[in-house]
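Here's a quick briefing to read with the structure open. It goes from the core to the helix pairs, and then to a few individual residues.

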Amino acid sequence: LRGSTIEVKKKPSHRLPTAAEGDAVLISGCKDNQTSADIGAGAAGNARAAGAMTTAFRRAIQKSSHGTFNEILSSMWQFLKEEGFKQIPQLSSEHFLNLDDPFLPEAERVDTDDPVNGGPEKPLRQPVRKAVTIGINYMTLWPGQGRLSGCINDSDTIVSILLDTFRFTSNQIVRLRDDQHDHMPNRANMLAAMDWLTEGAAAGDELFLHYSGHGGQMQDKNHDEADGLDDTLLPSDFQSAGQIPDDDLYKRLVKPLPKGCRLWVMFDCCHSGTALDLPYKAQVSADGRSLQLRKSGRRCRVGGGHSSGRSQAEVLMISGCKDSQTSADIQGGSMGTSKAAGAMTTAFRHVVTPTISCEDLLLKMRRYLKRNNFDQVPQFSSERFMQLDNGFLSYKGDSKRKQHQQARRQAPPASLGNAPIFPPAAAPFPAAESSPPAGFVTPAGGGQQNLRMDADKFLMDTRISRLQEQLDQLRVQQVAAHASGPSLSLTPAPSPFSADFAAVRPGLGHLDPPGPGMRM
């Protein structure tokens with residue numbers, strides 16, 4: 001804990017034994033190089049002598065029995081500071097912890113969307129998958145004065161990854177690129193594509209946004225940035241229509257998403273480290289062998305930006321570099337590419353697999369870039385606490401402990417003796433008046449009536465489930481009958497060599513002419 005910032009570090013895997021399947025959590029009284037103190041009788045409200053850490057823990061639990069890991073640890077640290085102790089309590093675990101989860105498992109907070117299963121409400125339609133990829137080479141700018149060469153190729157690369165690795169279909173993907181007059185990535189079309197991506201989003205939906213082009217910075221107008229600058233994306237007509245600041249990106253991409261919806265975002269551009277202003281960020285260590293997870297104490301947005309609360313969706317963003325860095329183009333023939341491309345997108349293509357974890361993805365991308373002599377450090381950010389040991393493609397923000405708890409809640413009833421109440425391979429129960437099926441255990445003491453009631457409920461649930469499946473199939477057929485591809489109204493671009501051909505002027509809010517291969 002450092003003020004409003006939380007830091008989570010993982011030791012390098014080569015220094016650790018093989019991880020156990022079980023979940024172990026350790027609270028210790030101090031750092032390795034500190035001593036843990038006693039509190040004398042009568043001090044700190046104790047009637048008897050006691051350990052300082054144990055007293056701090058007791059106070060924290062009494063103060064909030066439903067406290068999260070973060071709240072309990074913070075409360076302990078604050079108590080020790082107020083009592084004049086220098087020791088800093090430590091929290092360790094076998095697996096990544098979600099510090100926003102309750103410390104005590106039995107104090108799991110009730111989910112208002114689904115008090116029974118602790119998950120989002122199931123939508124009345126099949127999950128939807130949508131993707132938008134944007135590649136801008138800035139064909140209206142002079143070479144060496146802002147024109148890029150690899151961004152459209154990046155878009156091609158991402159489309160192939162979406163099809164082959166993520167298993168999207170071509171009619172789920174919208175492409176904007178400035179070599180096609182009717183799909184120009186001007187400001188109006190980029191905003192329309194983002195609105196299409198998140199429109200009507202529901203639990204279970206999977207959304208993907210990729211942007212490859214220039215990133216910039218402009219003066220922060222609502223005073224919510226520590227450095228006084230908003231990070232921006234530059235559409236193809238940025239000189240006449242303006243840039244797209246991070247406040248607008250959050251408002252359109254993150255804020256509308258409900259719980260249970262998943263959004264992947266990739267920004268291969270300069271100054272993109274916090275382009276969505278997500279609170280959690282994973283950073284690679286200097287040696288590239290371990291990760292550090294930070295939660296920033298960002299102020300809530302006002303006006304058109306963030307609401308007072310965070311979105312409950314799973315939002316994962318990979319950006320090409322830190323806010324202070326540039327993201328590089330590579331020429332054809334470099335890093336195993338036959339065409340010009342973005343360094344970050346190329347690294348992503350080389351390491352992503354259907355089963356790779358978030359941790360391995362970030363570490364391997366960094367190693368790949370470092371091995372090819374690129375200084376840029378890819379960043380990983382999220383809207384909710386990041387479970388770095390979860391799969392990137394199959395990401396689920398719950399910790400392993402919470403997943404186990406949900407599995408227990410959804411497990412079938414406990415067996416009586418050594419025989420199951422319901423045979424594992426049994427077909428749906430027959431009508432209530434028929435005799436019990438073979439293997440149906442009748443407990444002693446007249447419990448047969450209770451089991452019969454369970455059987456009736458099971459039969460009713462099965463019939464409802466079948467009806468729901470039939471309704472879902474009908475909806476899918478109706479959607480397929482009317483869908484010939486993504487429905488998105490795009491604004492035709494003006495002649496490629498009109499106002500966009502104006503000279504680029506340096507200055508705040510404008511694109512400074514970059515050096516060779518830089519996505520400034």
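Start in the largest nonpolar core, which has 59 residues; the members that touch the most others are F166, F208, I318, F348, L361, F380 and F392. Helix α8, residues 358-371, supplies the largest share of this core, with seven residues. Keep in mind that this is a predicted model.

**Cores and overall build**

- Zooming out, the chain contains 10 helices and 18 strands.
- The chain is 520 residues long, and 46% of them count as buried.
- Take the contacts between residues at least 6 apart in sequence: 72% of them join residues at least 24 apart.

**Helices α1 and α2**

- Helix α1 covers residues 52-63 and helix α2 covers residues 69-82; their axes come within 8 Å and cross at roughly 125 degrees.
- That angle makes α1 oblique to α2, and the crossing is right-handed.
- On the α1 side the contact uses A52, M53, T55, A56, F57, R59, A60, I61 and K63, and on the α2 side I72, S75, M76, F79 and L80.
- Sorted by class, this contact of α1 with α2 comes to 10 nonpolar, two polar and two charged residues.
- S75 sits in helix α2 and counts as buried, because its relative accessibility is 18% and the cut-off for buried is under 20%.
- Leaving out residues up to four places away in sequence, S75 touches A60 and K63.
- S75 and A56 are 19 residues apart in sequence, with 7.7 Å between their C-alpha atoms.

**Helices α7 and α8**

- The axes of helix α7 (residues 343-351) and α8 come within 9 Å and cross at roughly 120 degrees.
- This makes α7 oblique to α8, and α7 passes α8 in a right-handed crossing.
- From α7 the contact takes in A343, M344, T346, A347, F348, H350 and V351, while α8 brings L361, K364, M365, Y368 and L369.
- By class, the residues where α7 meets α8 are nine nonpolar, two polar and one charged.

**Helices α4 and α6**

- Helix α4 (residues 187-198) and helix α6 (residues 246-253) have axes that come within 9 Å and cross at roughly 35 degrees.
- R187, L191, M194, D195, L197 and T198 of α4 make this contact with D248, L249, R252 and L253 of α6.
- The class tally for α4 with α6 is five nonpolar, one polar and four charged residues.

- As background, most residues other than glycine have a negative phi.
- Y138 is not a glycine, yet its phi is positive, at about 60 degrees.
- You'll find Y138 in the loop between β6 (129-135) and α3 (151-164).
- Is Y138 buried or exposed? Its relative accessibility is 2%, so Y138 counts as buried.
- N373 is another residue other than glycine with a positive phi, this one near 70 degrees.
- N373 lies in the loop between α8 and β18 (379-382).
- N373 is exposed, because its relative accessible area is 70% and exposed means over 50%.

**Q379 in strand β18**

- Q379 is found in strand β18.
- With a relative accessible area of 1%, Q379 is buried.
- Q379 and V284 are 95 residues apart along the chain, and their C-alpha atoms are separated by 8.1 Å.

Note on methods. Residues are numbered from 1 along each chain as its sequence is written. This is a predicted model: local features need pLDDT of at least 70, side-chain atom pairs count only at pLDDT 80 or more; totals for chains, interfaces and linings use all residues. Side-chain values use heavy atoms; hydrogens and water are left out. Axes are lines fitted to C-alpha atoms, for helices over the stretch in contact, and angles run from 0 to 180 degrees between N-to-C directions. Helices (H or I, at least four residues) and strands (E, at least two) are DSSP runs, numbered from the N terminus. Angles under 35 degrees count as roughly parallel, over 145 as roughly antiparallel, 65 to 115 as roughly perpendicular and the rest as oblique. A crossing is left-handed if the near helix is turned anticlockwise from the far one by less than a right angle, and right-handed if clockwise. Contact means heavy atoms within 4.5 Å. Ala, Val, Leu, Ile, Met, Phe, Trp, Tyr, Cys and Pro count as nonpolar, Asp, Glu, Lys and Arg as charged, and the others, Gly among them, as polar. A nonpolar core is a set of buried Ala, Val, Leu, Ile, Met, Phe, Trp, Tyr and Cys residues joined through side-chain atoms within 4.5 Å. Buried means under 20% relative accessible area, exposed over 50%, partly exposed in between (1.4 Å probe, protein chains only).
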